[in-house]
Amino acid sequence: MSQIQIFVILSGIVLTVLIAWYFWFAPKASTRAAVSASGAQEVAITVKGGYTPDVIVVQKGRPVRLTFTRHESSACSEKVLFPDFNQNAVLPEGEQVTLEFTPAKEGEYGFQCQMGMLRGKLIVE
Amino acid sequence: MTVRDPVCGMEIESQSAFAQREHMGQTFYFCSKSCVDQFDADPHHYVMTSATTGFNPERTLTRIELPVADLPFYKPVTTLETGLRALEGVHGVTTNAGAGVLQVEYDSKKVNIPQMAEVVRASGFQLGGTNIRIDIENLRCASCVKFIEDELKSTDGVLSATVNIATQEATVDYLPQKATLAQLNAAIEAWGYKPRTATSDAPVDKQEEAHAREYGRLMKMFWFSAIVSLPVLLFAYPQYVPIIRDLSMNTIRWTWILSAVATLPVLFYSGYDFFTGAWAAFKHRSANMNTLIALGTGAAWLYSTFAIAFPSVFPEGTSEPFYDVVAVVIALVVLGQALELRAKGQSSAAIKKLLGLQAKTARVIRDGKELDLPVEEVLVGDVIQVRPGEKVPVDGVIVEGSSAVDESMLTGESLPVSKKKGDEVIGATLNKTGAFKFRATKVGKDTTLAQIVKMVQDAQNSKAPIARLVDTISGYFVPIVMILAVWTFVIWFVIGPQPQLVYALVTSVTVLIIACPCALGLATPMSLMVGIGKGAEHGILIRSGEALQTARAIQTVVLDKTGTITKGKPELTDTVISEPSPVSSDQLLKFAASVEKVSEHPLAQAIVEAAQARKLQLAEVQDFEAIPGHGVSAKVEGRSVLIGNLKLMNREEIALNELEEKSKSLADDGKTPMFIAIDGKAAGIVAVADTVKEDSAEAIKALQSLGIEVVMITGDNRRTAEAIARKVGVTRVLAEVLPEDKANEVKKLQIENRQSKIVNVVAMVGDGINDAPALAQADVGLAIGTGTDVAIEASDITLIKGSLKGVVTAIEVSRATMTNIYQNLFGAFIYNTLGIPVAMGVLFPFFGLLLSPLIAGAAMAFSSVTVVGNANRLRGFKPKFSAR
C-alpha cells in the first residue's frame, strides 16, 4: 500500500468522524425566548435555508409567540408546521407571520417545513 | 403655545419652531428643515381635516343614534343622560329603550363620538357598535400612530380607535350604519399607509401567485443551465462528436477552459438555491438535499478546474474535466423542482373548490338602504336580502320571507330544504325559489364554510404518525450519504482500477447526487393533502393525519342508536282500527292529532305531523286533561276521546279485545303503541317510533363486508334496541347503557382481545352531547354533522352528511390514502436503497456497470416528481360506496 493510499484511508476515517460529530453529536446552541411586557414568550425567527434560531427554549404554561419572516422564494419553506401543537402557518415571502400557542407539557418538540427539509426544535422546560 | 409638527409628530413650542406654513386656513409648525421640506413637497397630505369625515360645515348640530346594548326598559337612565349632557357641545339626549338607541344632538366641532362613547362606557353601558382589526402595512414610525388614531377617531361613526405599532394593527370600534370599512381604510390611507384586511380567500390566491413566480424563476434558472449544458456536454466527450473529434488537443483544452468559465454562472445563478441552502443548513448543523447537490456539483467543478489548471499533478489520463456534470445535474434538478411545484399546486384543488363556493358580495340593508358590500364587510346583526338564484353570503336566521335553499354543497342533502322565518340559513348555499331577508349570525372566519376550510387546511398540514418515523430516518439520511460518499471515494481510490482518481471522484459525486431525501420527505405530506381534500369533497372532514391513518385499521365500529342509525325523531309508524270500529283510519288519526296538538309530549308532535302530512283538518278541543302516567282525555266535536297506555284503558274499564295482542307485537318491534278510545269504546291504536334512516342498513352491510364488526350502543331498553338492530342487521347490541358508561363500553371493546395481544381498533359514531366522552375514548371518533357542536369537537372525523354511508366512505378514503402513502414510501425507499449502492459501483466487479452522474441527476430529479405525481393520482379516487 502506497503512502498516498494510506493517507486517503486515514482522511476517510477522519472525515467520517467529523461528519458524525458535526451533524449528530456536537452540542447545539439554543436561544431562550424573551418574555415580553404582555407576558408572552416572544421569539423572532428568520427563514432562509433554515430557521434562525432553530433551537428555542421556552417555559411551559406560558404563551409562546413565534414570529416567522421568510426571506426566500423557494417553495419548500412556504409553510411551517408544529405537528405536536397542531399549529401551522403559510409564510408569504417577506411577511411577518405570528404563531401563538401555550405549551402545557415539558419536552422537545420539532418544527419543520412541510417536507421536512428545514427543521428546528422547541424545548419546553 | 405647544404645537405638533404634522410631519414627524414631535411636540414643539410655536415660537421656537424651525419654520411655519399656512395651508388651507391652518397654520403648521415644523421642528426641522427635513420636516418642512417634506411638507412643502405635498402640503395637502398633512391637512388634519379629513376628506372622509363627511361633516357638513353648514350645519352646526349633528344628530346621531348611538346603539346601547343593555338599555333598561323599566327605569330612566339619568346618569347616562346627565353625563352626556354635561359634555360641552351636547345639546339634547333622548333615550329610546325600545329600539335600544340614544339619540344625541351635538355640535361636531366641540365634541366627537369617541368622547360620547367614553361617557356611555363610564356610566356602565355597552355601546353596540362593531369591532374590526385592520392590518397596516409597514407601520414603522411611532409618531404616525397618533395621527392615524386621530384620523380614525375623526371619521364619522367611529367610537374608538387604537393603533398598535407592535402588531401593526388598528383596532376600531365603529357604528356600521355610519361608517363603512372603505371609509376607515381611507382614513389610514390619508396618512400614506396601506391598510390590509384579512380576506378569507387571499392566502390561497397569494400562495398561488407566489407559486407562479417561483415556477417562473426556476424555469429561467433551468433554461440558463440547459443552454450552457449543451456546448459543455459536446466538448466534454470530444471523441464521440464529429468535427470536435478532429480538433487538436490544444483547441480542446481551450474549450475546457471556456467550459470552466461558462459553468461558473450556472453554479452561482441556477445553483444559487443549493449553495445558499447548503450553507444555511450547515450553519444549523444540519444537512439536506441542498447539501448533497452543492457538494456533488461543487466537487466536480473544483476537481475539473484543478485538473485542467495543473495537468502535470495528475497521473496520465486523469486530468479530464467533468463540467458537464455540473451544468447538466443542476439543470435537471432545477427542472425537477419546477415540475414538482407545478404538481403541488394541483393538490390544493379541494380547498380552492370549497372557497369557490363563497359568495363575493352581500346585499346588506343598513338604515333602510340596500348596500352591495363585499362579503368580508358583513357584520353580525346585519339584515341581508337574498333573491332567488343568489347565494346566501353568510350564516344567519331568516327574519322575513321564505324559500327553498339548495344546501347540497355543504350537507349533501340533494333536495332543496324549505326555509321560513326563524329557520337557519348557511352561507354559500344557493337560494332557489323565493326571496327572503335574514339576520347574519356568523360572519368571516366563523361561518360554517370558513370553519370547514380551516379544519381541512389544518388537517392537511398535520402529520400522520408514519411521517414521524420518516422524519427520524431523514434526520440521519443525509450525513449517512455523505459518509458513504467518502468511503466510496476511499475504496475506489485504494483498490479500484486505473485511473483511480477519476473513478473515485465520479462514483462519490454520483452517490451524492443520486440520493434523494426529498422523495422520502414528500411521500407522506403530499398524499395526506390530496387524501384529506378528497374526503372533504365527499363530505367527510378528517381532522388530522393521525385520524386518517387510524381509520384504515378500524376493526370495530360502535354505532349510537338514536340519531345515528335512526333519524333521532319519533314518527308515526302504524294506525290500527278495532273491528268493528266507530271511525275510519283517517278519522282516528284526526281525533288523536286534535287532542295531541294541545299536549306537550314529544311523541304527540309525531302524531300531529303525521296528520298534517295527510292534510287532515284538525278539530277544536275542549276539556283537555292530562292524566300523569296514563295519557290524556278531551272532548272533540262533542265526542269524548281517551288516548293513553294500557293502564289508562284498564282504569276506564274499556274492553280492548284483539287490540291488546296487536299492541304487544308493535312493542316487540320497538314501537310505542297508544290506545285510543272514543265515547268509551276502543277505537284503535296509533304507534310511533324512532325510525331507521333509509340507508343505515345498506351502510352497515357495507361495513360488515369490509370485515368490520358493527356494534350498536344505546341507552334504550333491550326490546326496542334489538328490534332496531334486527332491522339494520346488527347482531351485537349494547342496550340500557347509561350515558356516562358509553365511554367505558368503548374501552372494554378496545381491550377485548388483549389475550391474543391484538389491540382492537374501535371507531365510535355518534351525534349527541352524551356521545362526546365515547367519541374521545374511541381510537377514531366520528361525529354525524347534523349533531351537536360538542360531539363534533370531540370527534376525529366529521360526517357532514347525516348518512352512515359516510363511515364507509371515510374508511375507503383512509385506506386509499394510506395505500398511496405506502406506495410513495416504498418507492422512495427502494429508489434510495438500490440507487445508492449502484452509484457506489457494487455492480462494477460483476458487470462492469457504473452509473453516470448525469443519469443520477436525472433519476434524482424525477424521483420526487414521481412521488408528487403518484399522490395526485389520488385525486381520481371515487368511493365505491358513496353517500348520496
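Predicted model: local features only at pLDDT ≥ 70, side-chain atom pairs only at ≥ 80, totals over all residues.
Residues are numbered from 1 along each chain as its sequence is written, chains are lettered from A and ligands numbered from 1 in the order in which they are written, and side-chain values use heavy atoms, with hydrogens and water left out.

About 3,900 Å² is buried between chain B and chain A, and carbon and sulfur atoms give 59% of it; buried area is the accessible area (1.4 Å probe) that two parts lose on being put together, summed over both. On the side of chain B, the residues that lose the most area to chain A are B:His284, B:Arg285 and B:Asn461, together 20% of what that side buries. Between the chains there are zero salt bridges (a side-chain nitrogen of Lys or Arg within 4 Å of a carboxyl oxygen of Asp or Glu).

Now step back to chain B as a whole. It has 30 helices and 33 strands, which are DSSP runs numbered from the N terminus (helices H or I, at least four residues; strands E, at least two). Of the 884 residues in chain B, 52% are buried; buried means under 20% relative accessible area, exposed over 50%, and partly exposed in between (1.4 Å probe, protein chains only). Among contacts in chain B with a separation of 6 or more, 67% are between residues 24 or more positions apart.

One place to look next is an open sheet of six strands in chain B, with the order E13-E12-E14-E20-E15-E18 and antiparallel pairing. Strands E13 (369-374) and E18 (424-425) of chain B stand at the edges with a single partner strand each, so one side of each is left without a neighbour in the sheet. Two strands pair if DSSP finds at least two bridges between them. Within this sheet, E12 (residues 361-366) and E14 (residues 383-386) of chain B pair over three bridges, and B:Val364 stands opposite B:Ile384.

Further along come some hairpins. Strands E24 (residues 621-627) and E25 (residues 631-636) of chain B run antiparallel, joined by five bridges. Their hairpin has three residues between the strands, and B:Gly629 takes a positive phi near 75° there. E25(B) also pairs with E26 (residues 639-644) of chain B, in the antiparallel sense, over six bridges. With two residues between the strands of that hairpin, B:Glu637 takes a positive phi near 50°. Four bridges then join E26(B) to E27 (residues 672-678) of chain B, again antiparallel.

Our last stop is B:Thr714, in the loop between strand E29 (709-713) and helix H24 (718-728) of chain B. Is this residue buried or exposed? B:Thr714 counts as buried because its relative accessibility is 2%. Leaving aside neighbours within four places in sequence, its contacts include B:Lys561, B:Ala721 and B:Val737.

Definitions and conventions. Contact = heavy atoms within 4.5 Å.
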